[in-house]
Amino acid sequence: MQFFIACALLLLPFSFANAYLDPGSGSFIIQLIIGAMLGSLIAVKTYFKKIKSSFLKLFGKQSTDKDKDDEE
Amino acid sequence: MKNDHIILGSSFRDPSGFMFREKNTLYRQINRSYKENYSLLKNSGLYDELTENGLLIEHIEIETSCGDSECYKHIKPAAVPFISYPYEWTFSQLKDAALATLEIQKIAMKHGMTLKDASAFNIQFIEGKPLLIDTLSFEKYEKKKPWVAYRQFCQHFLAPLALMSCKDIRLIQLFRVFIDGIPLDLASSLLPKSTYANISLFMHIHAHAKTQKRFASKQINRRTSHLSEHAMQGLISSLINAIKKLHWKKTNTEWDKYYSFTNYSDSAFKKKKKIIEEFIDVLPKTPALVWDLGGNTGLFSRIASNKEINTISFDIDYLAVEKNYREMREKKEKHILPLFLDLTNPSTNLGWAHQERESLEKRGPADLIMALALIHHLSISNNVPIGMIASYFSLLCKYLIVEFIPKDDSNVQKLLSTRKDIFIKYNQKNFEKSFNEYFDITSSQNIEGSKRVLYLMISRHIHE
């Protein structure tokens with residue numbers, strides 16, 4: 001994960017124009033990077049949950065039984 | 001503005017409004033430029049949710065004409081018994097303040113608003129809880145706009161907490177020099193290299209500092225830079241996790257045995273408590289504010305706070321303050337506030353024109369000061385002549401409960417054991433003479449079972 005962020009920091013193609021940065025500009029950029037990655041994780045998690053719940057709805061009983069078997 | 005309004009020296013940065021004092025009462029002016037945001041705060045349900053959860057200071061609207069073309073409204077916030085600053089807090093206080101700030105941001109987003117600043121100075125401990133006192137800290141959340149307060153949050157909360165947790169608890173004192181929080185490049189250089197392996201600290205401090213440096217003089221087009229709502233939630237959750245994972249490790253080990261309290265008997269100890277209680281009860285008026293200087297873990301402070309008197313329990317030992325705060329938090333105590341204070345170098349006036357942050361003296365006087373088992377530390381460990389202690393105390397309080405411990409007491413002997421005894425004036429007679437120059441001594445009582453004496457005095461400098 002850390003490696004991924006480090007690569008993102010180095011490789012992200014910034015093409016900024018039109019305004020001079022204030023001292024908070026770096027903070028502005030880093031949160032876009034962090035936010036983009038963490039936001040994607042949240043989005044993936046949300047969709048994964050949705051997919052999981054649809055599957056559970058479809059095969060709810062079997063899955064529950066299997067989970068119980070696994071626990072035992 | 002009316003002539004009898006005095007604008008607070010700390011209230012000039014935000015054009016949304018300012019704080020002013022009128023006849024010893026604090027008010028906040030809301031300027032017209034903030035009208036829409038204020039309406040949104042009230043109408044969106046955000047104000048109600050935050051105040052109901054004890055996260056935002058309550059206020060009432062004042063129905064008077066402003067007398068100022070910029071003015072939209074005056075509000076009167078609930079009174080804050082004592083303003084404290086982050087450099088007077090211990091680890092858990094800063095941590096709780098950080099988590100409260102992030103909780104506020106989460107709730108604000110739910111109501112379509114966002115925090116436009118995240119200053120630790122905007123948080124105050126009231127009735128034992130961290131509370132946002134700046135009602136004008138909110139603005140409408142524009143979808144996809146990054147969090148403008150992110151840098152400030154990292155500088156005011158995450159960086160000092162990381163330094164305290166991973167390096168040294170005393171580094172919170174950097175706040176006294178850097179009043180807009182610890183610069184992230186400094187924090188990054190001070191933190192151990194091992195913190196690069198901590199993903200949260202790597203992102204929010206080390207990478208953040210490097211990005212600040214890298215883009216310090218470059219141009220960006222902010223219109224093409226977006227932070228989705230998911231991304232913003234991810235950012236806030238990540239900061240919450242980062243803060244929650246920081247601990248003051250010392251607390252797990254030496255905690256319980258840190259203070260073995262006294263060198264005198266249980267009965268003498270009980271007698272001391274009883275005398276202090278009697279001294280407080282005998283005062284002509286119940287004090288509104290008590291400062292316990294050298295309050296340790298707050299044992300004697302609680303004599304006052306248990307009487308529902310707002311009591312500030314100051315100590316120079318971070319561990320004692322931390323323990324005191326945890327006890328307060330655990331017992332949900334509302335009238336005690338533990339704070340760090342080095343009385344040999346007390347908090348001074350700081351910031352622009354020396355008016356943004358007030359000195360200890362300026363935040364006084366206290367109605368009552370308790371200085372128990374303290375004088376020998378100031379006089380012998382720090383070489384302060386007793387007369388100078390008396391003079392300073394007389395500026396800080398109306399009433400004083402002070403304990404004198406003679407030189408042959410084992411605690412004083414301990415201080416003298418490693419140095420030459422140059423303190424020929426450290427005796428009870430000179431103590432009384434010196435204090436009598438600034439105070440009227442109204443009562444003195446020997447603590448049975450010890451050689452110690454407790455005094456109740458009234459300052460001649462400060463009158464009712």
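**Notebook: a look through chains A and B**

I began with A:Leu56 in this predicted model, and I noted that A:Leu56 counts as partly exposed because it has 13 C-beta neighbours inside 10 Å. I then looked up its place, which is in helix α2 of chain A, a helix covering residues 25–71. I also checked A:Leu56 against A:Ala36, 20 residues apart along the chain, and found that their C-alpha atoms are separated by 30 Å.

**Chain B as a whole**

I turned to chain B and listed its elements, which come to 14 helices and 17 strands. Its radius of gyration is 24 Å, close to the 23 Å that the globule rule gives for 464 residues, so I wrote down that chain B is as compact as a globular protein of that length. Taken along the principal axes, the C-alpha atoms of chain B fill a box of roughly 75 × 60 × 40 Å. I noted that 44% of the 464 residues of chain B count as buried. For the contacts in chain B with a separation of 6 or more, I found that residues 24 or more positions apart account for 69%.

**The nonpolar core**

Which residues touch the most other members of the largest nonpolar core? I found that this core has 129 residues, and that B:Leu158, B:Ala162, B:Ile205, B:Ile369, B:Ala371 and B:Leu400 touch the most other members. Helix α4 of chain B, residues 150–166, gives the most to this core, with 10 residues.

**Helix α3 of chain B**

I next compared the length of helix α3 of chain B with what its residue count predicts: at 1.5 Å a residue, its 20 residues (91–110) should span 28 Å, and the end C-alpha atoms are 29 Å apart, which agrees. The buried residues of α3(B) include B:Phe91, B:Leu94, B:Ala98, B:Leu102, B:Ile104 and B:Ala108, and I noticed B:Lys95 and B:Gln105 among them too. After α3(B) comes B:Gly112, whose phi is positive, near 75 degrees.

**A hairpin**

I looked at strands β7 (residues 123–126) and β8 (residues 129–132) of chain B, which run antiparallel and are joined by 4 bridges. B:Ile123 of this pair stands opposite B:Leu132 in β8(B). There are 2 residues between the strands of this hairpin, and in it B:Glu127 takes a positive phi near 50 degrees.

Where does B:Ala353 lie? I found B:Ala353 in the loop between β13 and β14 of chain B, with a positive phi near 55 degrees, and B:Ala353 is exposed because it has 8 other C-beta atoms within 10 Å. The loop between β13 (336–340) and β14 (366–371) also holds B:Pro365, and a cis peptide bond with omega of about -5 degrees joins B:Gly364 and B:Pro365.

Is B:Ala373 exposed or partly exposed? B:Ala373 counts as partly exposed, because it has 19 C-beta neighbours inside 10 Å, whereas a buried residue needs 20 or more. I placed B:Ala373 in the loop between β14 and α11 (375–381) of chain B, and I noted its positive phi of about 50 degrees, although it is not a glycine.

Key
Residues numbered from 1 in each chain as written. Chains lettered and ligands numbered in written order. Predicted model: local features only at pLDDT ≥ 70, side-chain atom pairs only at ≥ 80, totals over all residues. Core = buried A, V, L, I, M, F, W, Y, C linked by C-beta atoms within 7 Å. Buried ≥ 20, exposed ≤ 12 C-beta atoms within 10 Å, placed from the backbone. Rg over C-alpha atoms; globule rule 2.2 N^0.38 Å. Contact = placed C-beta atoms within 7 Å. Expected span 1.5 Å × (residues − 1). Pairing = 2+ DSSP bridges.
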